[in-house]
Amino acid sequence: MRITYCVHQFFPFFYTGTERVTLNLAKQMQRMGHSVQVLSYGTGDNPADYAPLTPRVNWREYSHEGVPVVSLLHTMQPEGFGFAAQNDAIQEASTELLRRYSTDVVHVMHPMRIPSAAQVARE
């Protein structure tokens with residue numbers, strides 16, 4: 001099964017509660033034979049490390065402790081973005097990524113910054 005874990009922020013810049021649980025769960029699912037990836041928002045990242053994904057969102061892929069990570073970052077972050085329940089730019093980027101990776105299951109670990117990914121998965 002292909003599983004995507006959505007989390008508001010992730011390693012290496014953030015490494016406490018939710019990030020640790022997400023990493024541990026993803027690694028356990030890998031040990032059980034599943035294909036996993038983490039989808040997060042690039043808080044703290046260097047924007048120069050990102051490439052265009054859609055006109056309003058850039059992305060980068062990396063691995064942390066053997067877990068593939070996809071990080072999204074707005075080209076220009078909208079005001080109040082972190083707590084908004086809907087963000088069209090993230091929704092468009094999530095649609096592209098979930099289609100590209102043929103995700104079977106989306107597990108939302110923490111919806112802040114990327115709740116639109118859950119909406120895309122639901123649809």
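1. M29 and its contacts. Not counting residues up to four places away in sequence, M29 touches I3, Y5, H34 and V36, where contact means heavy atoms within 4.5 Å. M29 is found in helix α1, residues 17-31. Helices (H or I, at least four residues) and strands (E, at least two) are DSSP runs, numbered from the N terminus. M29 is buried, with a relative accessible area of 17%; buried means under 20% relative accessible area, exposed over 50%, and partly exposed in between, with a 1.4 Å probe and protein chains only. M29 and F11 lie 18 residues apart in sequence and 18 Å apart in space, C-alpha to C-alpha.

2. Basis and confidence. This is a predicted model, in which local features need pLDDT of at least 70 and side-chain atom pairs count only at pLDDT 80 or more, while totals for chains, interfaces and linings use all residues. Residues are numbered from 1 along each chain as its sequence is written, and side-chain values use heavy atoms, with hydrogens and water left out. The mean pLDDT of the chain is 85, and 92% of its residues reach 70 or more; pLDDT is the predictor's confidence in each residue, from 0 to 100. Confidence is highest in α1, at a mean of 96, and lowest in helix α3 (residues 115-122), at 78.

3. The sheet. Six strands form an open sheet with mixed pairing, in the order β3-β4-β5-β2-β1-β6. Two strands pair if DSSP finds at least two bridges between them. At the edges are β3 (51-52) and β6 (105-108), each of which pairs on one side only. Helix α1 packs on the sheet and touches β1, β2, β4, β5 and β6. The direction of α1 makes about 175 degrees with that of β1; axes are lines fitted to C-alpha atoms, for helices over the stretch in contact, and angles run from 0 to 180 degrees between N-to-C directions.

4. Strand β1. This strand covers residues 2-7 and runs parallel to β6, joined by four bridges. C6 stands opposite V108 in β6. Six bridges join β1 to β2, also in the parallel sense, and there R2 stands opposite S35. Five of the six residues of β1 are buried, so the strand is mostly covered.

5. Strand β5. On one side, β5 pairs with β2 in the parallel sense over four bridges, with V70 as the bridge partner of L39. The pairing of β5 with β4 is antiparallel and has eight bridges; here V57 stands opposite H74. The hairpin of β4 and β5 has two residues between the strands, and E65 takes a positive phi near 50 degrees in that hairpin. Seven of the eight residues of β5 are buried, so β5 is largely enclosed by the rest of the structure.

6. The largest nonpolar core. It has 16 residues, and L39, L72 and L97 have the most contacts inside it. A nonpolar core is a set of buried Ala, Val, Leu, Ile, Met, Phe, Trp, Tyr and Cys residues joined through side-chain atoms within 4.5 Å. Two or more residues each come from β2 (35-41), β4 (57-64), β5 (67-74) and α2 (88-100). The most come from α2, which gives four. Leaving aside neighbours within four places in sequence, L97 is in contact with L39, L53, W59, V70 and L72. In soluble globular proteins, nonpolar side chains tend to be buried together.

7. The aromatic pair. The count comes to one aromatic pair. Rings of Phe, Tyr and Trp (its six-membered ring) pair if their centres lie within 6.5 Å; planes under 30 degrees apart count as stacked, over 60 as edge-to-face and the rest as tilted. The rings of F10 and F11 have centres 5.2 Å apart and planes at 85 degrees, so this pair is edge-to-face. F10 is buried at a relative accessible area of 4%, and F11 is buried at 5%.

8. T54. This residue sits in the loop between β3 and β4. T54 counts as buried, at 11% relative accessibility. With neighbours within four places in sequence left aside, T54 is in contact with E92 and A93.
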